[in-house]
Amino acid sequence: MASDAHPSLRDPRTHIRALGGAFVVVALVVLLASVAVALGIPLLDAAGIARGSALRLALRSAFQFVGFGVAGVGFLLVTDRIGFVPVRWPTREDLKWFGVGFAGLLGLYVIATAVFGALGISGAESAIVEQGADQPVYFLFLIPVTVLLVGPTEELIFRGIVQGLFREAYGTPVAIAAASAVFAAVHVSSYSGEGLIATLAVVLLLGGVLGVVYEKCGNLVVPAAIHGLFNTVQFAAAYAAATGLVGS
């Protein structure tokens, strides 16, 4: 990972490049994700995939994250910064950070869940869990989606681009915190209920772990793989609980 840049914070262009760039890429994500879903729905209809079915919901999610990927790669191409986000075949050092990052992510989630339980704090309702409540196979369909699309595209946007832009302007610590805050904010629509703030706080911390791992290894493949595997564990647990394989 490149060293921190130290531009003058008195220069308005520093803030415009960082904040403006982050705003543009997130806006592109929202727009192109919606476009991708709108274009994909007729394909699902043509294929005869029933509305409301688990497969249709999973494929709709896949289209959404294709939009994420198009937004991220498009931003890098248009700004002529395709090399801005480092991607390479994982080295032994990368594998070490993969293990550390995944253990840290899982451990933090378990600790946060235990603390919430001890304090009597309820987490927010997850839209994904609600969608899969009556058709648990939905969680299994989401596993390839999260490994192949969600992990890579969300990490491209939030760690690769947003965190990179903030790092150039404000340094690594601020970049990790700011990108994690954007990551949490974008997930507001994924949850509902009284525990929304507490749940988003956990998402913020999880994003911070991914941000630290990215800075340490300098390879987007690592946080993308951690993200995908972490979501896979969550979906597998949700499937097991919904089907009675384990206690809910």
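Predicted model: local features only at pLDDT ≥ 70, side-chain atom pairs only at ≥ 80, totals over all residues.
Q: Let's start with a helix. How many residues does helix α2 have, and what span does α2 reach from its first C-alpha to its last?

A: Helix α2 runs over residues 54-78, so count 25 residues, using the helix limits as they are assigned from DSSP runs. From its first C-alpha to its last, α2 reaches 36 Å, close to the 36 Å expected at 1.5 Å a residue.

Q: And what comes just after α2?

A: Aspartate 80, which takes a positive phi of about 55°. Aspartate 80 has that positive phi although it is not a glycine. You'll find aspartate 80 in the loop between α2 and α3. With a relative accessible area of 69%, aspartate 80 is exposed, because anything over 50% counts that way.

Q: Next, the inside. Which residues of the largest nonpolar core touch the most other members?

A: The general idea is that in soluble globular proteins, nonpolar side chains tend to be buried together. Here the largest nonpolar core has 31 residues, and Val25, Phe68, Leu76, Val85, Ile157, Ile161 and Val162 touch the most other members. Several helices each supply at least two residues of this core: α1 (12-46), α2, α5 (137-170), α6 and α7 (196-217). The element giving the most to this core is α5, with 10 residues.

Q: Can we zoom in on one member? What does leucine 76 touch?

A: Leave out residues up to four places away in sequence, and leucine 76 touches Arg81, Ile82, Phe84, Val85, Leu156 and Ile161. Apart from this core lies another core, of 14 residues, with Ala112, Val213, Cys217 and Val222 among them.

Q: On to charges. How many salt bridges does the structure hold?

A: Side chains of opposite charge can pair when their charged atoms come close. This structure holds eight salt bridges. In one of them, the side chains of aspartate 45 and arginine 56 meet at 2.9 Å, N to O. Aspartate 45 is in helix α1 and arginine 56 in helix α2, so the pair ties together parts that are 11 residues apart in sequence. Aspartate 45 is partly exposed, at 35% relative accessible area, while arginine 56 is buried, at 8%. Asp45 and Arg56 also belong to a network of salt bridges that includes Arg51.

Q: Which parts does the salt bridge between glutamate 168 and arginine 81 tie together?

A: Here the closest N and O atoms are 2.4 Å apart. Glutamate 168 lies in helix α5 and arginine 81 in the loop between α2 and α3, so the pair ties together parts that are 87 residues apart in sequence. Both ends are partly exposed: glutamate 168 has a relative accessible area of 31%, and arginine 81 has 25%.

Q: Last stop, the surface. Which residues form the nonpolar patch?

A: Leu106, Tyr109, Val110, Leu229 and Val233 form the patch, with about 360 Å² of accessible area together. The elements giving two or more residues to the patch are α3 (92-119) and α8 (221-242), and α3 gives the most, with three residues.

Key
Residues numbered from 1 in each chain as written. Heavy atoms only, no water. Patch = residues over 30% accessible without salt bridge, like charges linked within 9 Å, V, L, I, M, F, W, Y side chains within 5 Å. Areas by Shrake-Rupley, 256 points an atom, 1.4 Å probe, with all protein chains shown as cover. Salt bridge = Lys/Arg side-chain N within 4 Å of Asp/Glu carboxyl O. Helix = DSSP H or I, 4+ residues; strand = E, 2+ residues; numbered from the N terminus. Expected span 1.5 Å × (residues − 1). Buried < 20%, exposed > 50% of the residue type's maximum accessible area, 1.4 Å probe, protein only. Core = buried A, V, L, I, M, F, W, Y, C linked by side-chain atoms within 4.5 Å. Contact = heavy atoms within 4.5 Å.
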